Amino acid sequence: MKKYIILVAGALLMQYAQAQITIDRSKQPTPGPAPVLNIKDPVTYKLPNGITVLVVEDHRLPKVTASFVIDAGPITEGSKAGVVSLMGSMLNEGTKTMPKAAFDEAVDKLGAIVNLNSGGGYTSALTRYFKDAFTLMGQALKEPAFTQESFDKLKTQELTGLKGQARNAKAIAARVTDALVYGKTHPNGEFETEETVQKLTLQDVKDAYSKYVTPSRGYLTIIGDIKPAEAKFLATEVLGKWSGPVLTLPKLAEVPNPAKTEIDVIDLPSAVQSEINVVNLVHLKMNDPDYFPALLANYILGGDAQSRLFMDLREKHAFTYGAYSALGSGRFQSTFDANASVRTAKTDSAVTQFLFEINRIRTEKVTDEELTNAKALYNGSFARSLEDPARTASFASNILINNLPADFYKTYLQKVNAVTADDILRVAKKYMDADNTRVIIVGNSSQILDGLKKSGYPVNLYDKYASPVIAAAPQK
Amino acid sequence: MQIRKNVLCAITAFSLLGLNAKAQKVEFTEYDLPNGLHVILHDDHHAPVVAVSVMYHVGSKNEVAGRTGFAHFFEHLLFEGSENIKRGQFFKIVSANGGTNNANTTQDRTFYYEVFPSNDLETGLWLESERMMHPVINEIGVKTQDEVVKEEKRQSFDNRPYGNLVNDISADLFTVHPYHNGVIGTMKDIDSAKLDEFKAFFKQYYAPNNAVLTIAGDIDVAKTKQLIEAYFGPVPRGADVVYHKAEEPPITKQIIDTAYDANIQIPLIAAAYRVPGRDTRDAKVMQMISNILSGGASSRLYKKMVDEKKDALQAVAFNVALEDYGMYIIGALPNGGAAPATLLSDIDEEVVKLQTDLISPEDYQKLQNQFENNFVNANARQLGIAEALANGYTFHHKNTNEINEELTQIRSVTREEIREAARKYLKTNQRLVLYYLPKKGKA
């Protein structure tokens, strides 16, 4: 067995070496002083064609990663639903000069990863192969082969995949929830079906590519064992001459929440659990003063296994393995969504508890202990997240994309720690609806409908594609 | 020392062949406490994070007959509290200090960990030493965890698409070895266990002399050593753990079996072979074979089945490398209406090629690069480093430095050895063919 003795010197150490440490194990130890967080700004460049380049130098490991993100905003596909994601897959099918097999061989030969999608691409490689891997990523992005053969293959795979999901309760719940909440014509509410995918052609893919894959509004983040100047040089060499249409973010009309809380049921006779989502729309920008209180409010309600929903629905009532909530934020509307997969027999009781907990956080102040623990968790997880160098880069791109003050992340914990119980009450009322929300349930309706009708809320029936079902004759 | 990077000269890919180049080295210090607890420390001050972990050398293979699922169940039980930690407080203390924690159990070991901001190192040591020294093991805990584990079994195995695949394979590949039972076991066995059995299990397997404490991250090594002495020094040594490996008789005739899963719509075909345990050179060779068959889009199975013949949605080959044996699994999902039997013959063709021809020097070089890349990525986080160091000590004959030697060993494997391993272990008469099919009716 080999031993590696670590030599550490310093006066502090000597002091420890001499002092005898006594502990009292009957008490939880007091943490030492909070570590000083050192957030280094990435080096930023702007290429003439619109690409912003962010570089985080980190030489601990002999590797470099690059990710390219095109900030196109939500895309409306309409009758071509599914085309954008299929176009993204097609970018991994070789280039004009390298057929797929040759391209894959070139990537794997480097031991590297190169992935493309409709909104950009990613590569990771050992330092000595990064230039080659990044060049391959750039080629795939700029000159995809777009062969009919690849298109036909991916289309059958997509159709097989859709069939495979036909009775998947979680997949149905995700689709119907977005469709009901945003509406089927909204970019977040539309969805692909066998019919829409069946009708897609290679030309549709090419059209989507020329519209959305472009250097405009592009963010290239390069992280790792590389000097910023070298990263800039590579970025310029590979993507600098690339051109494409100028993107503008779409303007979307605000979608209202329902005038009154309703229960929407989707029948899935084979389901052994009910998927419950309690959902309302929110519009919370990251630079809104409500942002930090809202983070903590959601954590206290349903952020993790110490939160109220988990404690109530799992620990107290054993309706489920886990119940959580999530509160979205950003430039566009997103959702507040409280959800769980619950035992069929307890579906109506679980709905009651969800609404009870949402009402409670809207009407009663959170306790000091809840607030203190939530802050501690945010402080700790923020510190822990810095282990990943990609995190600092995402800080920088978030600041640019969301138009945040330059010190947003440097003062992040300060702002978390300043939140009061009154703030939380205020934002809970504003963003977590109880009277204008949708309770969307995918489950075995023959076993859950009667119980749900007793709740007093209107109960609507929808099919698996979010179309209303005539209440008198629930089918399937 | 932090992870040190040796500068690699800009050499052509080819000249790397046979060169014992090290991309980086994970430095550590290690020692034993008088009670037998093995301690491994790795300091890295890049981020204010510390991972505290304990690996107990006990898993489902240590279970006695009629008590399947016992080791995993016991892992849950050890979150119930200790003499100084009230019931239900374990997770709460961790998150109230901004940390995260969990544990997992395999056939061979049980691994507990916390990741904290580095100023909470002592909290981590306190929690793990309380667990090792005097956990509360009582009826309330057993009853509570019984419900939780039942839900976990549903969520992770019975309700998850393809969730029981590996368990079904273990059941057929092992007849006398406890690997037959898998890790989750049956709830019936847990329900019939008496409280005394849980207490005895603790005494037998959770002694410091059967454990490795690994701490990685932003620590002061000298101070950490003192804290470890203070928290873990008083834990009494236990009796030595005695374990006898059950020898499996060789498989000589192909086994064909069918399993049904209510959560899937697309069938899966798998070929599974019994291979030597994780401390062997051949286990590494099998890992290399996995990359040849399914590592990346240019790999042989993926290229042939997904891209060229288009009869598969996905094709994978991997080695479940356990302590006593490994399970080498090759599987595929059909695309469109392709028949599972067709996929099996595609797989067989590629295996025969491996057994007949040496891989090309280009393919060999590709393998080397892929393994080097995997190695670099594996050591990006402190928790990953802690677990890798503990694995070396626990499963490689106390060689904690395995983490630094693995790549050199991979580099020393020859193309002839790869062909030889394919010939020796991937024989059709030594395998299981499992048809894993959608269960009709319920879904």
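Two strands count as paired if DSSP finds at least two bridges between them. Keep that in mind as you look around this predicted model.

**View 1. An open sheet of 6 strands in chain A.** Follow the strands across in the order E9-E10-E8-E11-E7-E12, and you will find that their pairing is mixed. At the edges sit strand E9 (320-327) and strand E12 (459-462) of chain A, each of which pairs on one side only. From one strand to the next, the twist averages 20 degrees.

**View 2. Strands E8 and E10 of chain A, side by side.** Here strand E8 (residues 273-282) runs antiparallel to strand E10 (residues 334-343), and 10 bridges join them. To find your place, look for Asn280(A), which stands opposite Phe336(A) in E10(A).

**View 3. Helix H9 of chain A and what covers it.** Helix H9 (residues 228-239) has 12 residues and reaches 16 Å from its first C-alpha to its last. Which residues of H9(A) are buried? They are Ala231(A), Lys232(A), Leu234(A), Ala235(A), Val238(A) and Leu239(A). These residues lie on the same side of H9(A) because they cover an arc of only 165 degrees around the axis. Their cover includes strand E1 (43-46), strand E2 (52-57), helix H4 (130-142) and strand E6 (218-224) of chain A.

**View 4. Where chain B touches chain A.** In this view, 73 residues of chain B are in contact with 63 residues of chain A. Which helix gives the most to the side of chain B that touches chain A? That is H8(B), with 7 residues. By class, this side of chain B has 27 nonpolar, 26 polar and 20 charged residues.

Conventions: Residues numbered from 1 in each chain as written. Chains lettered and ligands numbered in written order. Predicted model: local features only at pLDDT ≥ 70, side-chain atom pairs only at ≥ 80, totals over all residues. Helix = DSSP H or I, 4+ residues; strand = E, 2+ residues; numbered from the N terminus. Axes fitted to C-alpha atoms, helices over the stretch in contact; angles between N-to-C directions. Contact = placed C-beta atoms within 7 Å. Nonpolar A, V, L, I, M, F, W, Y, C, P; charged D, E, K, R; others polar. Expected span 1.5 Å × (residues − 1). Buried ≥ 20, exposed ≤ 12 C-beta atoms within 10 Å, placed from the backbone. Arc of directions from axis to C-beta.
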